[in-house]
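User: Hi! I am new to reading protein structures. Could you walk me through this one with some questions and answers?

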Amino acid sequence: RAPHRPEPTVSATAPAPAAESPAPPSLSQRLAEFAQGFGLDAVPSEVQDAARLCILDALGIAFASTRFEFARRSAAGIAALAGDGEHVVIGMRQRWPLRDAALMNGILVHGLDYDDTHPASVVHASASALPAMLGAGRHAGASGARA
């Protein structure tokens with residue numbers, strides 16, 4: 001026969017749950033906080049110079065692209081869907097809504113495939129970043145330093 005073991009006693013009050021620690025900020029929150037506190041004065045002058053060179057290079061390619069058939073055909077296709085707007089298409093007379101101007105500007109910057117490349121990721125960042133930045137900056141009324 002098994003020896004008698006007393007039943008464990010249960011306290012009438014349950015222990016208080018441990019205080020939940022706040023969730024760590026998401027990547028989006030951290031990026032937003034960084035962008036909010038970011039100032040151009042934090043960017044080294046060499047990086048600013050390189051960025052200016054990339055922007056000028058991309059704009060030059062966009063202007064050169066306007067002379068090619070792909071640019072005329074792309075502009076005609078977008079114009080058939082776009083309405084009037086206030087956003088500039090690089091090197092063209094059109095003024096379209098933000099989305100359509102940014103699309104066309106991206107086509108122009110990447111059209112000749114001479115736009116800058118980030119070798120480690122094989123990405124043509126200016127073809128997407130510059131049209132988005134130009135459009136968003138115009139939309140927000142930002143200066144070059146704030147865009």
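Predicted model: local features only at pLDDT ≥ 70, side-chain atom pairs only at ≥ 80, totals over all residues.

User: Which residue does Arg73 meet in a salt bridge?

Analyst: A salt bridge is a side-chain nitrogen of Lys or Arg within 4 Å of a carboxyl oxygen of Asp or Glu. For Arg73 the N to O distance is 3.1 Å. Both partners lie in helix 3 (residues 69-81), four residues apart, about one turn of the helix; helices (H or I, at least four residues) and strands (E, at least two) are DSSP runs, numbered from the N terminus. The partner of Arg73 is Glu69.

User: Is Glu69 buried or partly exposed?

Analyst: Its relative accessible area is 41%. That value falls between the 20% and 50% limits, so Glu69 is partly exposed.

User: What is the distance between the closest N and O atoms of Arg52 and Asp49?

Analyst: These two residues both lie in helix 2 (residues 45-65), three residues apart. Arg52 is partly exposed at 45%, and Asp49 is partly exposed at 46%. They form a salt bridge, and the distance between the closest N and O atoms is 3.0 Å.

User: Is Asp100 buried or exposed?

Analyst: Asp100 meets Arg99 in a salt bridge of 3.0 Å, N to O. Arg99 is exposed, at 62%. Asp100 has a relative accessible area of 5%, so Asp100 is buried.

User: How many salt bridges does a search of the whole structure find?

Analyst: Among them are the Arg52 pair with Asp49 and the Arg73 pair with Glu69. The search of the whole structure gives a count of four.

User: Which element gives the most to the lining of the second largest pocket?

Analyst: On a 1 Å grid over the protein atoms alone, a pocket is an open set of points where a 1.4 Å probe fits, with protein on both sides within 12 Å along at least five of seven lines, and lining residues have an atom within 4 Å of a point. About 190 Å³ of space lies in the second largest pocket, and strand 1 (87-88), helix 4 (98-110) and helix 5 (125-140) each give two or more residues to its lining. With six residues, the element that gives the most is helix 5.

User: How is the aromatic pair of Phe34 and Phe38 classed: stacked or tilted?

Analyst: Rings of Phe, Tyr and Trp (its six-membered ring) pair if their centres lie within 6.5 Å; planes under 30 degrees apart count as stacked, over 60 as edge-to-face and the rest as tilted. The centres of Phe34 and Phe38 are 5.5 Å apart. Their planes meet at 45°, so the pair is tilted.

User: What is the angle between the planes of Phe68 and Phe70?

Analyst: Phe68 is partly exposed at 41%, and Phe70 is partly exposed at 28%. Their rings are 6.2 Å centre to centre and form a stacked pair, with an angle between the planes of 25°.

Definitions and conventions: Residues numbered from 1 in each chain as written. Heavy atoms only, no water. Buried < 20%, exposed > 50% of the residue type's maximum accessible area, 1.4 Å probe, protein only. Points joined across faces, edges and corners; volume = space filled by probe spheres on them.
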